[in-house]
Amino acid sequence: MVPYDLNYQGRADRVGSCSRFLVDQSVRVNRLLKESCCCSRISVTVTTCNLTTNIMKNLLSTSRQIFSSVRLGSSSSRTQSAVPSTAPGELDTFHHKDLKIIEATAEQRRPKPDVNSLRFGHNFADHMMEVNWTAESGWGRPEISPLHNLSLHPGAKVLHYAVELFEGMKAYRGVDNKIRLFRPDMNMARMRRTAIRSALPDFDSEECIKIISDLVRLDRDWVPQSNTSSLYIRPTFIGTDPALGVGHPNEAKFFVLTGPAGAYYPTGFQPVSLLADSEYVRAFPGGVGQFKMGCNYSPTIMLGRLAAEKGCQQVLWLFGEDEQLTEVGTMNVFVYWTNEHGEEELVTPPLDKGIILPGVTRDSLLELARSWNLEKERFQVVERYVTMEEIRKAIKQKRMKEMFGAGTACVVSPIGRILHKNRVTGQYDELIIPTMDNKPNLMQKFYESIMDIQYGRMEMPGWTRVVS
């Protein structure tokens with residue numbers, strides 16, 4: 001055992017909420033670490049007497065030790081799918097049994113948009129879910145009510161220090177008219193990991209999924225009758241206490257929005273062009289690139305505009321002196337080629353450095369590819385970093401077959417062109433990727449297989465949950 005013993009002494013009037021918060025945090029971290037395949041020997045012990053003004057310094061120092069010891073690992077299907085479990089009475093959480101539902105009136109209900117003109121994130125269903133938390137009282141009663149604006153104090157921590165995280169998941173109306181969620185357990189597990197990194201309170205995955213299922217069931221008419229559209233679900237978690245100063249939140253709000261969504265990209269299922277400039281990075285070791293926080297997205301917006309000015313739809317994020325591929329836009333990236341040893345290979349960057357978001361679609365594609373190899377496919381499935389020099393060489397030697405992004409919004413997105421800024425010359429080089437010309441097309445097979453599972457045409461045990 002490697003115990004971390006935090007002893008705090010000082011002002012007695014701070015013990016109440018802060019000590020309770022620290023004890024809760026240590027229990028949460030212990031539980032998650034013990035359930036990770038690589039962290040069973042780590043424990044965290046917090047002994048609280050009184051608290052000093054160095055409370056956050058000590059907490060953050062310990063957090064760094066913990067997270068430097070925790071690696072998601074390169075075997076993503078094992079680490080991502082491990083949903084933190086809880087012994088009875090151990091976790092303070094909101095509960096499905098306490099859910100209060102207030103249905104929208106006829107006047108509050110919105111007209112539904114044309115399914116053929118849906119734009120991502122522009123339409124919202126009639127209801128939302130929310131539940132509040134305070135350090136003093138814990139979780140409140142969850143409530144589903146008509147969609148409404150939030151009321152926040154201008155000093156709320158989310159507005160000043162980006163204490164915020166979210167998830168992205170979907171519900172699909174299948175060919176049998178049943179509505180399914182796709183791997184919601186993985187979204188909840190990732191959200192809970194991100195909550196710990198954000199110093200926000202924990203919650204029970206299953207209780208949350210049950211409530212989200214009720215929300216989808218209530219707004220089931222908003223789930224499109226379409227084989228390309230779906231109901232997008234956005235769980236969000238924010239720090240709300242009205243107090244300036246960098247510190248752990250004492251108040252928080254968890255809420256869920258839903259809304260119909262069509263194709264994520266304006267160009268539809270067409271190859272995209274990418275701007276690759278290693279002057280800018282999305283994430284770095286020791287940072288929060290592996291967590292789904294809003295602060296990871298805001299700094300990318302300016303680069304997206306720069307890419308558009310150069311005729312590109314997305315950014316190919318590079319890292320390190322050797323320009324390793326990490327992500328494409330907001331998606332994980334895959335390369336399918338013949339390697340230098342003459343072997344067909346599907347490659348995606350690993351999760352070991354903590355700079356890659358462990359995507360649900362990423363994990364699903366890897367699991368599908370490995371299952372196909374057990375049957376009749378004969379290509380290697382590898383998690384390692386690929387460099388821009390390797391990409392150039394593969395194109396020149398005609399070994400490149402396909403490149404594509406993978407994510408919840410689009411499933412897969414073909415890459416047809418990379419505009420790469422040469423670090424030596426400062427000039428932009430155009431690299432053409434033959435993704436759409438490769439036959440038989442592996443990316444297309446992935447797309448059709450995931451869509452078949454999501455819309456109920458094919459069964460994958462444990463991957464979907466019928467809610468209506």
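Leu 365 counts as buried, because its relative accessibility is 0% (buried means under 20% relative accessible area, exposed over 50% and partly exposed in between, with a 1.4 Å probe and protein chains only). This residue is found in helix α8, where helices are DSSP runs of H or I with at least four residues, strands are runs of E with at least two, and both are numbered from the N terminus. Leaving out residues up to four places away in sequence, Leu 365 touches Phe 334, Phe 404, Ala 406, Val 412, Phe 446 and Ile 450; contact here means heavy atoms within 4.5 Å.

Before going on, a word on what you are looking at. This is a predicted model, in which local features need pLDDT of at least 70, side-chain atom pairs count only at pLDDT 80 or more, and totals for chains, interfaces and linings use all residues. Residues are numbered from 1 along each chain as its sequence is written, and side-chain values use heavy atoms, with hydrogens and water left out.

One of the partners of Leu 365 is Phe 446, so let us follow that link. Phe 446 is found in helix α10 and, at 0% relative accessibility, counts as buried. Beyond its neighbours within four places in sequence, Phe 446 is in contact with Leu 346, Leu 365, Leu 368, Ala 369, Trp 372, Phe 404 and Val 412.

That brings us to the two helices themselves. Two packed helices are described by the angle between their axes and the distance between the axes. For α8 (residues 360-375) and α10 (residues 442-454), the axes come within 11 Å and cross at roughly 105 degrees. Therefore α8 is roughly perpendicular to α10. The axes are lines fitted to C-alpha atoms, for helices over the stretch in contact, and angles run from 0 to 180 degrees between N-to-C directions; under 35 degrees counts as roughly parallel, over 145 as roughly antiparallel, 65 to 115 as roughly perpendicular and the rest as oblique. From α8, the residues Ser 364, Leu 365, Leu 368, Ala 369 and Trp 372 meet Leu 442, Lys 445, Phe 446, Ser 449, Ile 450 and Ile 453 of α10. By class, this contact has eight nonpolar, two polar and one charged residues (Ala, Val, Leu, Ile, Met, Phe, Trp, Tyr, Cys and Pro count as nonpolar, Asp, Glu, Lys and Arg as charged, and the others, Gly among them, as polar).

Val 411 sits in strand β19 and is buried, with a relative accessible area of 6%.

Now for some backbone geometry. Most residues other than glycine have a negative phi, and most peptide bonds are trans. Val 411 has a positive phi of about 70 degrees although it is not a glycine. Asn 177, in the loop between β8 (169-173) and β9 (179-182), has a positive phi near 70 degrees, and at 43% relative accessibility it counts as partly exposed. A cis peptide bond joins Lys 439 and Pro 440, with omega about -10 degrees; Pro 440 lies in the loop between β20 and α10.

Which residues of helix α9 (residues 388-396) are buried? They are Met 388, Ile 391 and Ala 394. Seen down the axis of α9, these buried residues fall within an arc of 125 degrees, so they line one face of the helix; the arc is that of the directions from the helix axis to the C-beta atoms. On the other side of α9, Glu 389 and Lys 396 are exposed. The cover over the buried residues of α9 includes β13 (314-319), β14 (324-328), β15 (331-338), β18 (400-407), β19 (411-421) and β20 (428-432). Just after α9, Lys 398 takes a positive phi of about 60 degrees.

Helix α5 (residues 184-197) is mostly covered, with twelve of its 14 residues buried. Just after α5, Ala 199 takes a positive phi of about 60 degrees.

Stepping back, the chain has ten helices and 21 strands, and buried residues make up 53% of its 468 residues.
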